[in-house]
Amino acid sequence: MMEALAPVAAAQGVTVCVIEPGAVATEFVNNVGVDERLFAEAGPYAESLQKYIANVTQSFQSAQTADEVAEVILGAMTADAPAFRIQTSKWAEEFAALKFADLDGSAVQRLTGGWLA
């Protein structure tokens, strides 16, 4: 959406910058409310959901901090000419590179499908 609106904003003197973080270590994951009832109610999706939640939980253990993301945002806000799209971590850069080169979505599906293994 912001890609499409950036030229409109620019015509009014507003610079749009899309910040693309990866996993950020906050209390979000701890507050998702995952418990055994969630899995019990997931029916045929229970096994996949458990694997996905385990992967997300593990990835957030090595996530960048909110302060690290804030530094990137502050840098973009104070730059004379920030890039339109800024990833805040090496993981986010690699994922964005994969995503934008993946015209049919198959590479992203293989990657995210691996999260259920």
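The exercises below, each with a worked solution, concern a predicted model of a protein.

**Exercise 1. Overall build**

State how many helices and strands the protein has, and decide whether it is a compact globule or more spread out.

Solution. 
- Step 1. The protein contains six helices and four strands.
- Step 2. Along the sequence, these elements follow the pattern α-β-β-α-α-β-α-β-α-α.
- Step 3. The globule rule gives 13 Å for 117 residues, and the radius of gyration, 18 Å, is well over that value, so the protein is more spread out than a compact globule.
- Step 4. Taken along the principal axes, the box filled by the C-alpha atoms is roughly 50 × 35 × 25 Å.
- Step 5. Of the 117 residues, 20% count as buried.

**Exercise 2. The aromatic pair of Tyr 52 and Trp 115**

Classify the arrangement of the rings of Tyr 52 and Trp 115, and find where in the chain the two residues lie.

Solution. 
- Step 1. A search of the whole structure gives two aromatic pairs.
- Step 2. In the pair of Tyr 52 and Trp 115, the ring centres are 6.3 Å apart and the planes stand at 40 degrees.
- Step 3. Planes under 30 degrees apart count as stacked, over 60 as edge-to-face and the rest as tilted; the pair is therefore tilted.
- Step 4. Tyr 52 has 35% relative accessibility and counts as partly exposed. Trp 115, at 23%, is also partly exposed.

**Exercise 3. The aromatic pair of Trp 91 and Phe 95**

Classify the pair formed by Trp 91 and Phe 95, and explain how the two residues are placed in their helix.

Solution. 
- Step 1. The distance is 5.2 Å centre to centre, with 5 degrees between the planes, and the pair is stacked.
- Step 2. Both residues are in helix 5 (residues 90-101); because they are four residues apart there, about one helical turn separates them.
- Step 3. Trp 91 is partly exposed, with a relative accessible area of 45%, and Phe 95 is partly exposed, with 22%.

Key: Residues are numbered from 1 along each chain as its sequence is written. This is a predicted model: local features need pLDDT of at least 70, side-chain atom pairs count only at pLDDT 80 or more; totals for chains, interfaces and linings use all residues. Side-chain values use heavy atoms; hydrogens and water are left out. Rings of Phe, Tyr and Trp (its six-membered ring) pair if their centres lie within 6.5 Å; planes under 30 degrees apart count as stacked, over 60 as edge-to-face and the rest as tilted. Buried means under 20% relative accessible area, exposed over 50%, partly exposed in between (1.4 Å probe, protein chains only). The radius of gyration is taken over C-alpha atoms; the globule rule is 2.2 Å times the number of residues to the power 0.38.
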